[in-house]
Amino acid sequence: MGWPDGVAGPTGPDPRDHGAVPTTSSPVTVRPGRDADLDAVVDLERVCLGRDAWGEALVAPGLAGDLPTVSYAVAVAADDVVGHAVLSAVGDVAELQRIGVAPAWRRRGVAGLLLAAVVEHAGAAGADRLLLEVREDNGPALAFYARHGFEELARRRRYYADGATAVVMQRGLGGAGRMAP
Ligand SMILES: CC(C)(COP(=O)(O)OP(=O)(O)OC[C@H]1O[C@@H](n2cnc3c(N)ncnc32)[C@H](O)[C@@H]1OP(=O)(O)O)[C@@H](O)C(=O)NCCC(=O)NCCS
């Protein structure tokens, strides 16, 4: 069962963005992650998730397909990996384990594209709901998930290494890809 291929996305980044040095407008596509994406995904983990980042030892087996329930998707612009998502699907429950977008590419719908691919893949794998955990102090991610129809299910105190609380969120997969109004 594969990820949907060739999902076209936004162009960018905007030349005015801090740190971005674009030479052309590039459409973003989403494809399955593969071994050759290891360095790029580990970099995204570090840049996007800081102290909670996964290192090479955790990412490599997932990209290699050695973890049967785990799938990686990457967002690519002009051959650069600019975002990634990790899904674990077991039975009727799927878990979005990671989603991250390079800072220069944020607020352009890249995470939305990755999530749409995750939702489609999870549904095809037989899941009927998608769960995730997010730090309660991660405002951008909470806003992103609320925009995409996730609702709070529970809170887990001291879930993260620094003592932060996790918000557990879920959404059904019946309306795959639909945004909240
Ligand atoms: C959360 C994250 C993945 C969003 O990626 P993104 O590509 O910028 O998201 P999108 O462009 O698809 O955003 C879609 C919508 O989500 C909401 N959103 C996303 N980022 C937001 C922010 N910083 N502030 C407020 N709302 C935000 C908005 O409603 C946005 O729509 P809009 O731009 O039209 O207002 C990105 O900020 C990121 O990589 N953060 C660091 C890693 C992380 O925290 N991952 C989640 C861990 S659980």
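Reader: Where does Arg-107 lie?

Author: In this predicted model, Arg-107 is in the loop between β4 and α3 (110–124).

Reader: Why does Arg-107 count as partly exposed?

Author: Count its C-beta neighbours. Arg-107 has 14 of them inside 10 Å. A residue is buried at 20 or more and exposed at 12 or fewer. The value 14 falls in between, so Arg-107 is partly exposed.

Reader: Which loop holds Arg-158, and what is its phi?

Author: Arg-158 sits in the loop between β6 and β7. Its phi is positive too, about 55°, and Arg-158 is not a glycine either.

Reader: Why does Arg-158 count as exposed?

Author: Arg-158 has 10 C-beta neighbours inside 10 Å. The limit for exposed is 12 or fewer. The value 10 meets that limit, so Arg-158 is exposed.

Reader: Now the sheet. In what order do the strands run?

Author: Seven strands form an open sheet, ordered β1-β2-β3-β4-β5-β7-β6, with mixed pairing.

Reader: What makes β1 and β6 edge strands?

Author: β1 (28–32) and β6 (151–156) each pair on one side only. From one strand to the next, the twist averages 25°.

Reader: How do you know that β3 and β4 pair?

Author: Pairing takes at least two bridges. Strand β3 (residues 80–90) and strand β4 (residues 93–101) are joined by eight, so they pair. The two strands run antiparallel. Ala-89 stands opposite Ala-94 in β4.

Reader: Which helices pack on the sheet?

Author: Among them are α1 and α4. Helix α1 (residues 38–49) touches β2 (70–77), β3 and β4. Its direction makes about 90° with that of β3. Helix α4 (residues 139–147) touches β5 (129–135) and β7 (166–172). Its direction makes about 160° with that of β5.

Reader: Why does Val-134 count as partly exposed?

Author: Val-134 lies in strand β5. Val-134 has 19 C-beta neighbours inside 10 Å. Buried needs 20 or more, and exposed needs 12 or fewer.

Reader: What separates the C-alpha atoms of Val-134 and Arg-155?

Author: A distance of 9.5 Å, for residues 21 apart along the chain.

Key: Residues are numbered from 1 along each chain as its sequence is written. This is a predicted model: local features need pLDDT of at least 70, side-chain atom pairs count only at pLDDT 80 or more; totals for chains, interfaces and linings use all residues. Helices (H or I, at least four residues) and strands (E, at least two) are DSSP runs, numbered from the N terminus. Axes are lines fitted to C-alpha atoms, for helices over the stretch in contact, and angles run from 0 to 180 degrees between N-to-C directions. Two residues are in contact if their C-beta atoms, placed from the backbone, lie within 7 Å.
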